[in-house]
Amino acid sequence: MARLVLTALLALFVAGQQSHAFYYTNYIKHSSSSASPVTVVDDMTKKMAVFFREDALRVGQTLPFRFPAPVTAPLGFLPRHVADAIPFSSATLPSVLAQLGIAEDSPQAAKMEDTLAMCEAPGLSWEAKFCATSLEALVEGAQGVIGTQDVTEMLSKVPRAGSPRLQAYAVRAVRAVEGSTFVGCHQKEYPYTVYMCHSTGPSRAYEVEMEGTVEGDKVTLLAVCHTETSEWDEDHVAFKVLGTRPGGPPVCHVLPYGHILWAKKNASVSA
């Protein structure tokens, strides 16, 4: 059963996936990283202004964003019993590639390898981190991290087709989300839907209404501002973009279409 479902999804995966506008970067340094800080910052600038300061979240301020169409698996999550039957680790990747007929030196294999490496990479001392390959695992993981079964998912309201043009977005309204710790889940590239989730640590979250100053498109974005960054890698791209350092001012970023912020159920949203 698992093999049949994966084979059906393989054609969709091989057809080509685009890079996400937003990507989760590890807070700590790993020796396998070969990209220079300058290259990473330049790449970030070209793709999307992900990181910004908390004081930019004021009505009338502008921030540059673009929202390419997200990469999603058209069939959504696999049924849990199917997902759980498929090995999901770097050690078993060669056998999965062989089963699917994916060449080990192919772009598809590289994307799968990157996703698995990110799922297996250690987090910070306070960071709870997990990857979910089924809807049930996603919900249960968020509940476990937040410490209650009463959780709710929050999503940015961005056109599903994306707004690919880089433009300045003017802040029209800012509303704070009740709470100090949340779970952020980011879609990763794999033949079927996989979310990489992590606790945000001490943070503040906001719901931000914005309007494009060029095309006039309106979006409502979820923004997370990390208030404790003292353990982050000093070469983290956020510090390069903002000109700050670990332990400095809060580091904020938005969640584009399809990424999820989990909070306690009935968390109030207020101006």
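**Entry 1. Pairing in the open sheet**

I count two strands as paired if DSSP finds at least two bridges between them. I am working from a predicted model. I looked up E3 and strand E7 (residues 194-199) and found antiparallel pairing over four bridges. Lys129 stands opposite His198 in E7.

I then traced the whole sheet. It is open, has five strands, and runs in the order E3-E7-E6-E11-E4 with antiparallel pairing. Strand E3 (129-132) and strand E4 (151-155) stand at the edges. Each has a single partner strand, so one side of each lacks a neighbour in the sheet. From one strand to the next, the twist averages 25 degrees.

**Entry 2. Strand E2**

I asked which residues of strand E2 (residues 62-67) are on the covered face. They are Leu63, Phe65 and Phe67. Thr62, Pro64 and Arg66 form the uncovered face. I noted the general rule beside this: in a regular strand, side chains alternate between the two faces of the sheet.

E2 pairs with strand E5 (residues 163-177) in the antiparallel sense, over five bridges. I checked Phe65 and found Gln167 as its bridge partner in E5.

**Entry 3. Salt bridges**

I found seven salt bridges in the structure. Arg175 and Glu207 are both buried.

Arg175 also meets Glu209 in a salt bridge, at 2.9 Å from N to O. Glu209 lies in strand E8 and Arg175 in strand E5, so here the tied parts are 34 residues apart in sequence. Glu209 is partly exposed, with a relative accessible area of 30%.

Next I looked up Arg80. Its side chain meets that of Glu140 in a salt bridge, 3.0 Å from N to O. Arg80 is in helix H3 (residues 80-83) and Glu140 in helix H6 (residues 135-146), 60 residues apart. Arg80 counts as partly exposed at 28% relative accessibility. Glu140 also counts as partly exposed, at 42%. Salt bridges that share partners join Arg80, Asp84 and Glu140 into one network.

**Entry 4. Whole protein**

I logged seven helices and twelve strands. Of the 271 residues, 47% count as buried. The accessible surface is about 12700 Å², with 52% belonging to carbon and sulfur atoms. Among contacts with a separation of 6 or more, 75% are between residues 24 or more positions apart.

Note on methods: Residues are numbered from 1 along each chain as its sequence is written. This is a predicted model: local features need pLDDT of at least 70, side-chain atom pairs count only at pLDDT 80 or more; totals for chains, interfaces and linings use all residues. Side-chain values use heavy atoms; hydrogens and water are left out. Helices (H or I, at least four residues) and strands (E, at least two) are DSSP runs, numbered from the N terminus. Axes are lines fitted to C-alpha atoms, for helices over the stretch in contact, and angles run from 0 to 180 degrees between N-to-C directions. Buried means under 20% relative accessible area, exposed over 50%, partly exposed in between (1.4 Å probe, protein chains only). Contact means heavy atoms within 4.5 Å. Accessible areas come from the Shrake-Rupley method with a 1.4 Å probe; for residues, only the protein chains shown count as cover. A salt bridge is a side-chain nitrogen of Lys or Arg within 4 Å of a carboxyl oxygen of Asp or Glu.
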